[in-house]
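Subject: Structure handover and notes

Hello,

I am passing a structure on to you, with my notes below it. Please read the two side by side.

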Amino acid sequence: MTLPARRRTPRADRIFVALMLAPSLLILAAFYLYPILSNVWFSLTDLSLLKLRRGGSYIGLANYAEALGGADFWRVVWNTAFWLTAVSVVVRLLLGMALALLLHSQALLRLRLRTLMRLALLVPWATPPIVAVAVWRWLLNPQAGGVNRALLWLGVIDQPVAFLASTATVWPAIVLILLWNTLPVVTLTLLAALQSVPQELGEAAALDGAGGVRIFRHVTLPHIMPTIAILSMLMVFWTFNNFAYVWLATGAGPGRYTDVLATEVYLRGFVDFNLGSSAAIGVIMAITMGTFGLIYVRVLGRRVTS
Amino acid sequence: MRPRARIGDGAVLLAAVATLVFLLYPAVVIFSGSLQTNETLFARNRFDLTWGNYRRIFDAGFGTYLSNSLVICLAATIVATVVSVMAAYVFSRRRFRLRRLLLTGVVAGQWFPWVVLVTPLFILFARSGLTNSYTGMILCYTAISIPFSVYLLLGYLETVPRELDEAALVDGCTPLGALWHVVLPVMLPGVVATATYAFLLCWTDYLLALALLTRPDMKTLPLGLYQFFGEDTTDWGAVMAGSAVATLPALLLFLPLQRWLVSGLTAGSVKQ
């Protein structure tokens, strides 16, 4: 695209572009590019946290071989890909959609609950994840937690359950915390998309005799698909890479049962002091998300690079 | 009203009430718990109103953590927003060599797990004396905010007609003048929303603070909050009070800004 004003020389404009980009690019070079490149180097060494001064010696791909060969690693990959990411994203999308439809419904407006609901959604949304984990650790605790009290009262369980300490319940409990904290942003984004669907489309389909479900499938859903796609991608990035939810809720426990890639990087580096092998896991993580992101740009990329 | 509609309304009412309880109950627990003594937290049907939890956490240094968090996050938010607006503007309005590569590189920053940055930054900070410094944390938080900020701002810039700044240039504005006097006022809601997201990103970070801040007097709120969780016993009253203090600024930002915040996330996804 050429600009109509051409009193300024192209050279002056090039300098302008360079000066505008320089601060961001310099900061990102120092705090993203440099760390990523040194991480790649660390991953090829036996660098240890205890011998930082000595530095590490080059050991080739041994760290990767060790990581990819271990059964534990694949359990960690499964935890990250399935429990932390896939399950939580699908659950949030489905419940977010249901809640958005509820908020969009005439019935809720008739009951004068729409504004209250919107305000209520702000509360979990504004709650920092660190606080969300803290309060759910209280609610799920076996001594006096509200969840245990409610389930005991309802007769669902006979005795208190330590939700975050038992392998049977710990993953659903972590997903519940994620759900509570991030359901609002999913719901409100989907609601905004629903509200952008032209009313005439649905009305025309209704005149042609289409029922509610068919209108949703053939009119509403195609219209809000781009929003769902972008939202899903953002959620995948936010959760796959997330350290705080799992670390603060369980410390990757019980044992290392809920260990995910982000906590594994931290555990190997700062608990086992093995920075080289920690870096290798980090590189594998970054490559996974980088590939995922590039596919995303290819498929939906007009948003990012148009 | 027809019976069927009445049954429908009943179901909607039930769903709405259940949702409201789910959304609000944890927050109620935080605020009511923060005003109870640790003994009554565990007891049924008893409630001893007290400010003791708040007094205890501020005696334990929560005031310092709060001011550390405010200084670091506000500074990082301002720097990140200014440099992101500059970058997003030329990415959106100019075509130049390497544009695609640089833009993908910047936006790709939000794909990368921060945990990957921890070890190299830990070593870099230790070598350059930035560990336990405001400068180091501010630069670090600026860096993690830039990718998402540029991404959001690009979406908002799409909604500002190009003709506006082109007309300003024809009228003799400098490029920077066109951005400052013409584009910025139109996209101000977007800039405010972007700054809010950046602030919250910094405000809630636990990981980088954990690695880069080791001195007690430099800790930020998230680190301060989690020191009340002990190996064996947890000071729940203090946790609740600390949680309330950490949530309040975020809630105050969200209430007036909610609509702007929602529109930004997928701003570019619905093409007119």
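The notes below cover confidence, the contact between the chains, helix packing and a few single residues.

This is a predicted model, in which local features need pLDDT of at least 70 and side-chain atom pairs count only at pLDDT 80 or more, while totals for chains, interfaces and linings use all residues. Residues are numbered from 1 along each chain as its sequence is written, and chains are lettered from A and ligands numbered from 1 in the order in which they are written.

Confidence

The model scores ipTM 0.88 and pTM 0.90. Among the elements of chain B, the highest mean pLDDT, 95, belongs to helix 4, and the lowest, 79, to helix 2 (residues 38-42). Helices here are DSSP runs of H or I with at least four residues, numbered from the N terminus. Residues 268-272 of chain B stay under 50 in pLDDT, and the model has 11 contacts for them beyond four places in sequence. Two residues are in contact if their C-beta atoms, placed from the backbone, lie within 7 Å.

Between the chains

The contact between the chains involves 84 residues of chain A and 79 residues of chain B. On the chain A side, helix 1 (residues 10-42) gives the most, with 17 residues. That side of chain A has 64 nonpolar, 17 polar and three charged residues. For these classes, Ala, Val, Leu, Ile, Met, Phe, Trp, Tyr, Cys and Pro count as nonpolar, Asp, Glu, Lys and Arg as charged, and the others, Gly among them, as polar.

Helix packing in chain B

Helix 4 (residues 62-93) and helix 10 (residues 188-203) of chain B have axes that come within 9 Å and cross at roughly 140°. Helix 4 of chain B is therefore oblique to helix 10 of chain B. Angles under 35 degrees count as roughly parallel, over 145 as roughly antiparallel, 65 to 115 as roughly perpendicular and the rest as oblique. The axes are lines fitted to C-alpha atoms, for helices over the stretch in contact, with angles from 0 to 180 degrees between N-to-C directions. Helix 4 of chain B passes helix 10 of chain B in a right-handed crossing; a crossing is right-handed if the near helix is turned clockwise from the far one by less than a right angle, and left-handed if anticlockwise. Helix 4 of chain B contributes residues including I72(B), A76(B) and T77(B), which meet a set in helix 10 of chain B that includes V191(B), A195(B) and F199(B). The residues of this contact divide into 11 nonpolar, five polar and no charged.

Leaving aside neighbours within four places in sequence, I138(B) is in contact with I72(B), A75(B), A76(B) and V79(B). From I138(B) to T77(B) the distance is 8.6 Å, C-alpha to C-alpha, across 61 residues of sequence. I138(B) counts as buried because 21 other C-beta atoms lie within 10 Å; the cut-offs are 20 or more for buried, 12 or fewer for exposed, and partly exposed in between, with C-beta atoms placed from the backbone.

Helix 8 (residues 162-170) and helix 9 (residues 175-186) of chain B pack at about 145°, with their axes 9 Å apart, and their crossing is right-handed. Helix 8 of chain B brings L164(B), D165(B), A168(B) and L169(B) to this contact. By class, the contact has eight nonpolar, one polar and one charged residues.

Backbone points

The loop between helix 11 (244-250) and helix 12 (261-271) of chain A holds P254(A), which a cis peptide bond joins to G253(A), with omega about 0°. A252(A) is found in the loop between helix 11 and helix 12 of chain A, and its phi is near 75°, a positive value in a residue other than glycine. A252(A) is buried, with 21 other C-beta atoms within 10 Å. L98(B) also has a positive phi, about 70°, although it is not a glycine. L98(B) is exposed, with 9 other C-beta atoms within 10 Å.

Regards

Definitions and conventions:
Helices (H or I, at least four residues) and strands (E, at least two) are DSSP runs, numbered from the N terminus. pLDDT is the predictor's confidence in each residue, from 0 to 100.
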